[in-house]
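Here are my notes after a pass through the model. Have it open beside you while you read.

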Amino acid sequence: MANAKIPTDHISIYVRDAGTDEVLIDLSADEPRSPASTIKVLTTFAALDMLGPAYTWKTRAYADGRLANGVLHGDLIIKGGGDPYMTAERWWMFIQNLRERGLVKITGDIVVDNSYFEPIGTNRADFDTQPFRTYNVLPDALMVNFQTSRFTISAMPQRAQPQVTINPLPANLIVKNQLRLGSGVCQGYNRGISFGMPDENDPTLLVISGVFPAACGRFSINRAIMAAPEYAYGTFRTFWVQSGGVIDGAFRMGVLPEGARLLYEHESLPLPEVVRLVNKFSNNIMARHLLLTLAAEQTGTPASIESGRTAIRNWLARQRIEIPGFVLENGSGLSRIERLTARGLGEMLDIAWHNPFMPEFAASLPLSAMDGTLRNRFKSPGMQGRIRLKTGRLDHVSALAGFVNAASGKTYVVVIFVNHPDAHLGSGEAIQAELIRWVFGQ
C-alpha cells in the first residue's frame, strides 16, 4: 500500500478461512465502498439460491387470428420473458421453430409485448455519455443480441467512401453513411468513426460519419443501436424473410390480447449458464436482467428495479447478513452510487461456499491465468486455475471478490475494495496481487 501510495483508509480487505470461519484479515471491512462489478457475485448467487439451477426464461409467440394453410390471418404477438441471452443465433432458432410449425405468411403486424419488465426511466447515455457501447444497454423484456450489431468498415481504394456492412442487419434500420476515406496511419480506438442518432424520436435512423484511414483496410466494431423493441422487430423481420417467410404488416407495441393462441415457447439457457456468462465476462445487462427477474418472481409483473432491490435485501436478511451503508442501484456494478462492505460480501461468499449450489456458483467465477477477466492475471507457478475471483473496475475503483485455494489446500474467502483516485489505472491491481500472493501462501 505504501509503495502504491494509497492510504489504508481507502482500502477494505476481508480474508476468511472457508473451513474454520477464522478471519485472517479485517481492514476497514465494515466501511461502505464502491464494489464496482464485484457486486455481481451478490446478484448472481442470490438468483441461484432463490430461483434454483433449473430456472429458465420463456419467450413466447402467439397468433391473434386464424391460422390456415400456413397463413396467419392476423397479428403475431411476441411476448418477452426477460431472457438475458437471446443472441442472434438463438433468435434465429426462435424464428426457425416458428417456421417449422407451418407458419409461412403473416398478414397482420408483428406486435412486441415487453410488459414483463417496467419501463426503465433512464437513458443509455446517462452513465458515461457513451450510448452506443454495449455495456450501457438498458434492460428490456425482449432483449435480442444485447441490442448490438457488428459494423465492418472496408476501405475501397477505387471509391471515396468506405463500405459499411452490418451483422445482424435489422430490416427497419436506416443508415446514412457519411464516412470519408482518409490518408495517414490507422490508429485510434474507433479509427475515426462516429455513430449518431440525430432524431431522438426515431431510433431506426443511424448516421455513421468521420474519416476512415485507407491504411486500416477492414475494421469491425460492435455497437448498441436503436431501441430494444425496434431492434427485436427489425432482426425478426430480417431472419423471417431470409427463412422464406412473408410479413404483410408492420411493427407495433402492444399487450397480449385475450384469446391469442400460443404457437411456440422458446426456453432460455438454464440459470447456471447465464450466471457463468455474467461473472466470467462481467456482463452488465445480463446482471440487470437477473435483478428484474428476481422482482418478477418474488413480487409479480411488471418487474421493477425497486422490487428487485427489495428481493435482494430480503434475501440478505434471511441469511442474517447485515451490511451497514448498503446501496443497491442495479446489481451490475455499473453505478457510481452502489455501496457494499467487504465483510458483508465476504459473509455472503462464505454462505455460498457451504450452499448446495456452490459448484454452479464457483464454476461461474473467472479462473486465474485461464479464462474470463482473470485470464491474464495470477500466472505464478502453482496459482493457475486455483483462484476464482470476480473483478471490479470503475474510474477510481479496483476490486476483487471470491475464493483462493491456497498452496496448503485450504480455501479462503477474499474481498478487497480499493477506492482511491486512479486506483483503476494499476495501483489497485498491484495491491491485490500482493494480497492474493500472501493468501495463496497460507
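**Notes on the model**

1. Let me start with Trp 57: its relative accessibility is 1%, so it counts as buried (buried is under 20% relative accessible area, exposed over 50%, partly exposed in between, with a 1.4 Å probe and protein chains only). Before going further, the ground rules: this is a predicted model, where local features need pLDDT of at least 70, side-chain atom pairs count only at pLDDT 80 or more, and totals for chains, interfaces and linings use all residues. Residues are numbered from 1 along each chain as its sequence is written, and side-chain values use heavy atoms, with hydrogens and water left out.

2. What does the side chain of Trp 57 make a polar contact with? The partner is the side chain of Thr 293, at 2.8 Å. (A polar contact is a pair of N or O atoms within 3.5 Å; within protein, one must be able to donate a hydrogen and the other to accept it, and residues adjacent in sequence count only if both atoms are side-chain atoms.) Thr 293 belongs to helix 5, residues 284-299, and is buried because its relative accessibility is 0%. Setting aside residues up to four places away in sequence, Thr 293 touches Leu 51, Tyr 55, Trp 57 and Phe 117 (contact means heavy atoms within 4.5 Å).

3. On to the aromatics. Rings of Phe, Tyr and Trp (its six-membered ring) pair if their centres lie within 6.5 Å; planes under 30 degrees apart are stacked, over 60 edge-to-face and the rest tilted. That rule gives 15 aromatic pairs. Tyr 55 and Trp 57 form an edge-to-face pair, because their ring centres are 5.2 Å apart and their planes stand at 90°. Tyr 55 is buried too, given its 14% relative accessibility. Elsewhere, ring pairs join Phe 45, Trp 315, Trp 353, Phe 361 and Phe 403 in a cluster.

4. Two arginines are worth a look. Arg 336 lies over the face of Phe 127, 4.0 Å from the ring centre, while the charged end of Arg 99 sits over the ring of Trp 240, 5.8 Å from its centre. (The test for a charge over a ring: NZ of Lys or CZ of Arg within 6 Å of the ring centre and within 35 degrees of the ring normal.)

5. Where is Ala 303 found? Look in the loop between helix 5 and helix 6 (305-318). Ala 303 counts as buried because its relative accessible area is 0%. Although 187 residues separate Ala 303 and Tyr 116 in sequence, they are 6.3 Å apart in space, C-alpha to C-alpha. Beyond its neighbours within four places in sequence, the contacts of Ala 303 include Tyr 116, Phe 117 and Glu 118.

6. Ser 332 is another loop residue, between helix 6 and helix 7 (342-353). With 0% relative accessibility, Ser 332 is buried. A polar atom of the Ser 332 side chain lies 3.1 Å from the backbone nitrogen of Leu 334. Leaving out residues up to four places away in sequence, Ser 332 touches several others, among them Ser 37, Ile 39, Asn 284 and Glu 338.

7. Finally, the overall picture. Buried residues are 54% of the 442 residues in the protein. Of the contacts with a separation of 6 or more, 69% come from residues 24 or more positions apart. The C-alpha trace spans about 70 × 60 × 35 Å along its principal axes.

Technical notes
Helices (H or I, at least four residues) and strands (E, at least two) are DSSP runs, numbered from the N terminus.
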